[in-house]
Amino acid sequence: MISLRAPAKINLFLRVVGRRPDGYHDIESVMQMVGLYDDVSVRPRRRGFEIRVQGADLPSGSGNLVYDAAVAFAKQAGVTAGASIRLIKHIPIGAGLGGGSSDAAATLIALNRLWELRWPRSRLAEVGAVLGSDVPFFFQGPTAWVTGRGERVRRIARPRLAGEPRPSAWAVLVNPGFPVSTRWAFEALPSRGAPGARSSPAAPDRVGSSAIIGLTNHDSVDTIPRLPGAPALVSCPVENSLELVTVLKYPVIDEMKKRLRDDGASVVLMSGSGPTVFGLFPSRVHAVRAHAGLPHAWKGWVVKLLRRMPW
Ligand code: C5P
């Protein structure tokens, strides 16, 4: 049996830079793995895939990213054997934490080992990219600069965020207990010029980047994908384009942010399409204290920002 821990991610920075002809959006994001994990384990099986899920109401067949990943991989690799896959969910679903994408990546890595295929990570990431936009990141963490619709991933050093005296290693995640649809959040972004649209970072038809990320020896984030090595982001604005629309529909997100800020977080932001928000804290002690004071109606976790790949 092969068992892996599949980590969640947070978006330390997320800017939607344009709408694409294929219906997706181009983004620029700094993604960061955090120490909240699902468990994925695979065992050999003669034929077909048997999925058992604990901790969440998910389908055991098509529509479950673990199943879809296994089927896609077997097909592309020409493998006729199957697998029994057990998924234990701890990462909330539809939370902006990339749990399903991480589970899919873990499944690909585990099956690659089980079937002794030795596919490189880059090839596994290509299989994963078809399943979900966040999947490729999980092959290139723990911190990465992510562009395109999510398939262009470059590992970077953890940047300092605006307002952070020094990069914090601890975060508190807060989730209000309901899911938000990623598709809805992207579609709800106002188009520039549309009635009611503000001239804001949420305007998705703004093509190209005006990001004000400070780069070592480089002025523009546009140069990053062409850099041969990992770019060094020296500072990063605290921004999530999707937060503006999600907060309008779910004001509780602002309440959760305020709570974390009042409890001493140096940086507070919604992750992905939400509704989970995170606060960064200077130490575990500060994070534990903030977590202990959260209202019972919300779920919370004290997590470490990972400094190493878990797989
Ligand atoms: O790729 P994934 O299945 O996670 O995306 C869910 C939905 O989010 C897509 O159907 C699309 O509507 C939206 N999306 C987007 N641009 C991205 C990623 C997701 O518009 N870069």
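This is a predicted model: local features need pLDDT of at least 70, side-chain atom pairs count only at pLDDT 80 or more; totals for chains, interfaces and linings use all residues.
Which backbone oxygen does the side chain of Gln32 reach at 3.0 Å? The side chain of Gln32 reaches the backbone oxygen of Leu306.

Residues are numbered from 1 along each chain as its sequence is written, and side-chain values use heavy atoms, with hydrogens and water left out.Gln32 is found in strand β2, residues 25-45. Strands here are DSSP runs of E with at least two residues, helices are runs of H or I with at least four, and both are numbered from the N terminus. Gln32 is buried, with a relative accessible area of 1%. Here buried means under 20% relative accessible area, exposed means over 50%, and partly exposed lies in between, with a 1.4 Å probe and protein chains only. A polar contact of 2.6 Å also joins the side chains of Gln32 and Thr143. Such a contact is a pair of N or O atoms within 3.5 Å; within protein, one must be able to donate a hydrogen and the other to accept it, and residues adjacent in sequence count only if both atoms are side-chain atoms. Leaving aside neighbours within four places in sequence, Gln32 is in contact with several residues, including Ile10, Phe137, Pro142 and Leu305. Contact means heavy atoms within 4.5 Å.

Pro142, one of the contacts of Gln32, lies in the loop between α3 (121-131) and β5 (143-147). The peptide bond that leads from Gly141 to Pro142 is cis, with omega near 5°. Most residues other than glycine have a negative phi, and most peptide bonds are trans. A cis bond is also found from Gly274 to Pro275, with omega near 5°, and Pro275 sits in the loop between β12 and β13.

Those two strands belong to an open sheet of four strands. The order is β12-β13-β8-β14, and the pairing is antiparallel. Two strands pair if DSSP finds at least two bridges between them. The edges are formed by β12 (267-270) and β14 (299-304), each of which pairs on one side only. On average, neighbouring strands of this sheet are turned by 20° against each other, direction ignored. Angles run from 0 to 180 degrees between N-to-C directions, and axes are lines fitted to C-alpha atoms, for helices over the stretch in contact.

Within the sheet, β12 and β13 (residues 277-281) pair in the antiparallel sense over four bridges. Met270 stands opposite Val277 in β13, and Val268 has Gly279 as its bridge partner in β13. Helix α6 (residues 252-262) packs on the sheet and touches β8 (170-175), β12 and β13; the direction of α6 makes about 10° with that of β13. The hairpin of β12 and β13 has six residues between the strands, and there Gly272 takes a positive phi near 55°. β8 and β13 pair in the antiparallel sense over five bridges, and Val277 in β13 is the bridge partner of Val174.

Which way do the residues of β13 point? Val277, Gly279 and Phe281 point one way, Phe278 and Leu280 point the other way, and all are buried. β13 is thus mostly covered, with five of its five residues buried.

An oxygen atom of the ligand is 2.8 Å from an N or O atom in the side chain of His25, and an oxygen atom of the ligand is 2.6 Å from an N or O atom in the side chain of Ser133. A nitrogen atom of the ligand is 3.1 Å from a polar backbone atom of Arg149. The protein covers 80% of the 450 Å² of accessible area that the ligand has on its own. Accessible areas come from the Shrake-Rupley method with a 1.4 Å probe; for residues, only the protein chains shown count as cover.

Finally, the loop between α2 (99-114) and α3 holds Glu116, and Arg118 is placed in the loop between α2 and α3 as well. Glu116 has a positive phi of about 50° although it is not a glycine. Phi of Arg118 is near 60°, a positive value in a residue other than glycine. Are these residues buried or exposed? Glu116 counts as exposed at 66% relative accessibility, and Arg118 counts as exposed at 75%.
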